Amino acid sequence: MSSNASKPLVLVLGATGYTGRSVVQGLLTSGNFRIAALVRPGSVDKPQVQQFRGSGVEIRVGDVKDSAERLRQHLDGVDILISAVSAWIIEDQKEVFRVAKEVGVQRVVPCDWATPGAKGLRELHDLKLGVRQFVQDLGIPYTFLDVGWWMQISLPLPKRSDMYMKTKTHQIYGDGRSRFLVTDLHHIGTYVARIVADPRTLNRAVIIWEDELTQLGAHEIGERVSGEGDEMKAQRIHVDEKQLLEWVAEGKDELARGIDSLETRLKVHWNMYMYSMHILRENTLENARRLEYMDARELYPDIPRHTLEDYAQEFYAMSDPSVVYAREE
């Protein structure tokens, strides 16, 4: 058996999305895995998929909604299954995991990739917790991963950026002094490659994070590093708990009336995440530990620390830092 053939095979769902690309890159860079990506038929000719092929990633054509028979084919020979599917198809993972157990997959990582918190507050988070419970009830080995908030969406956008989320990046929730965990999206895969090869993380939840600071601290970094100082500071918009909950209620009312748009969903889900992080202060290391997450920084102290201040240098050097807000297909 060749040395490559002896490496575990990882299948990534949602590999062409932001998180999926980071995961694939981290796995590739580690050199410790064979990697496959499940790609929808309509996406096989996309440049990102061609890039995967050129990097040695096996492309398996299919969909998470395929029949059980087709899913068995997609999962053939897979040792580790990592899901980074769209937030809007979270529950569609369940059948994939059921089949994964049937064919002997040794570890699954459901689609979480966000902030820790309690059940019963955020509808999207509750769907993810429901999938976690399904996985545990199945009895298939798992690792649950959260990553805090992306650094890429934690800084106020500069005046040269002009996109639909810009105003939200200047909002400060509550008193702005609540601490929250952040991670550079592009570093998620580095941690994932270590975590899924580590027997200590089997049947555990792990929090990936690189920095913890207040929202006011993040805005101060942005104002200083962007060079826009007082001008950017003048754009701060203070949002209190009442306003956040009113926006959520408006969004839920619109959904109930059949107005199902991205903007409406953001009105509900984005604002509930802001409420969780900055009003209830759930996205903290203290809370993650209370919820029995393992700390990725403690597990892998050799991975270099990257702060939001470090990332800000890169962010404000971009011609348009709002690129990460582009809507994924």
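**Sheets, rings and loops**

Student: Which strands does helix α8 lie across?

Tutor: Helix α8 (residues 215–225) lies across β9 and β11, and runs at about 95 degrees to β11. Helices (H or I, at least four residues) and strands (E, at least two) are DSSP runs, numbered from the N terminus. Axes are lines fitted to C-alpha atoms, for helices over the stretch in contact, with angles from 0 to 180 degrees between N-to-C directions. Contact here means heavy atoms within 4.5 Å.

Student: And what should I know about the model itself?

Tutor: It's a predicted model, where local features need pLDDT of at least 70 and side-chain atom pairs count only at pLDDT 80 or more, while totals for chains, interfaces and linings use all residues. Residues are numbered from 1 along each chain as its sequence is written, and side-chain values use heavy atoms, with hydrogens and water left out.

Student: OK, back to β9 and β11. What order do the three strands of that open sheet have?

Tutor: The order is β7-β9-β11, with mixed pairing. β7 and β11 (211–214) are at the edges with a single partner strand each, so one side of each has no neighbour in the sheet. Two strands pair if DSSP finds at least two bridges between them.

Student: In which sense do β7 and β9 pair?

Tutor: Parallel, over two bridges, with β9 covering residues 179–183. Trp150 stands opposite Thr183 in β9.

Student: What about the open sheet of five strands, what's its order?

Tutor: That one goes β3-β2-β1-β4-β5, with parallel pairing. Its edges are β3 (58–61) and β5 (107–109), each with a single partner strand, so each has one side left without a neighbour in the sheet. From one strand to the next the twist averages 20 degrees.

Student: How many bridges join β1 to β2?

Tutor: Five, and the two run parallel, with β1 spanning residues 9–13. Leu13 stands opposite Leu38 in β2.

Student: Switching to aromatics. How many pairs does the count come to?

Tutor: Rule first: rings of Phe, Tyr and Trp (its six-membered ring) pair if their centres lie within 6.5 Å; planes under 30 degrees apart count as stacked, over 60 as edge-to-face and the rest as tilted. By this rule there are six aromatic pairs. Take Tyr18 and Trp150: the ring centres are 6.0 Å apart and the planes are at 85 degrees, so the pair is edge-to-face. Tyr18 is in helix α1 (residues 18–30) and Trp150 in strand β7 (residues 149–150), so the pair ties together parts 132 residues apart in sequence.

Student: Are Tyr18 and Trp150 buried or exposed?

Tutor: Both are buried. Buried means under 20% relative accessible area, exposed over 50%, partly exposed in between (1.4 Å probe, protein chains only).

Student: Which residues form an aromatic cluster?

Tutor: Trp149, Trp270 and Tyr273 form one.

Student: Which ring does the charged end of Arg265 sit over?

Tutor: The ring of Trp88, 4.4 Å from its centre. Arg297 lies over the face of Trp209, also with 4.4 Å to the ring centre. The criterion is NZ of Lys or CZ of Arg within 6 Å of the ring centre and within 35 degrees of the ring normal.

Student: Now the core. Which residues touch the most other members?

Tutor: In the largest nonpolar core, with 105 residues, they are Leu27, Leu81, Ile82, Val108, Trp113, Trp149 and Val192. Helix α11 (residues 262–279) gives the most to this core, with seven residues. A nonpolar core is a set of buried Ala, Val, Leu, Ile, Met, Phe, Trp, Tyr and Cys residues joined through side-chain atoms within 4.5 Å.

Student: Why is helix α7 largely enclosed by the rest of the structure?

Tutor: Six of the eight residues of α7 (residues 188–195) are buried, so the rest of the structure largely encloses it. Those are Ile188, Gly189, Tyr191, Val192, Ala193 and Ile195.

Student: Where does His269 lie?

Tutor: In helix α11. At 14% relative accessibility, His269 counts as buried. Leaving out residues up to four places away in sequence, His269 touches Trp88, Glu123 and Leu124.

Student: Last one: what's the phi of Arg281?

Tutor: Positive, about 60 degrees, although Arg281 is not a glycine. Arg281 sits in the loop between α11 and α12 (285–290) and counts as partly exposed at 39% relative accessibility. Glu292 also has a positive phi, near 70 degrees. Glu292 is in the loop between α12 and β13 (293–295), and at 61% relative accessibility Glu292 counts as exposed.
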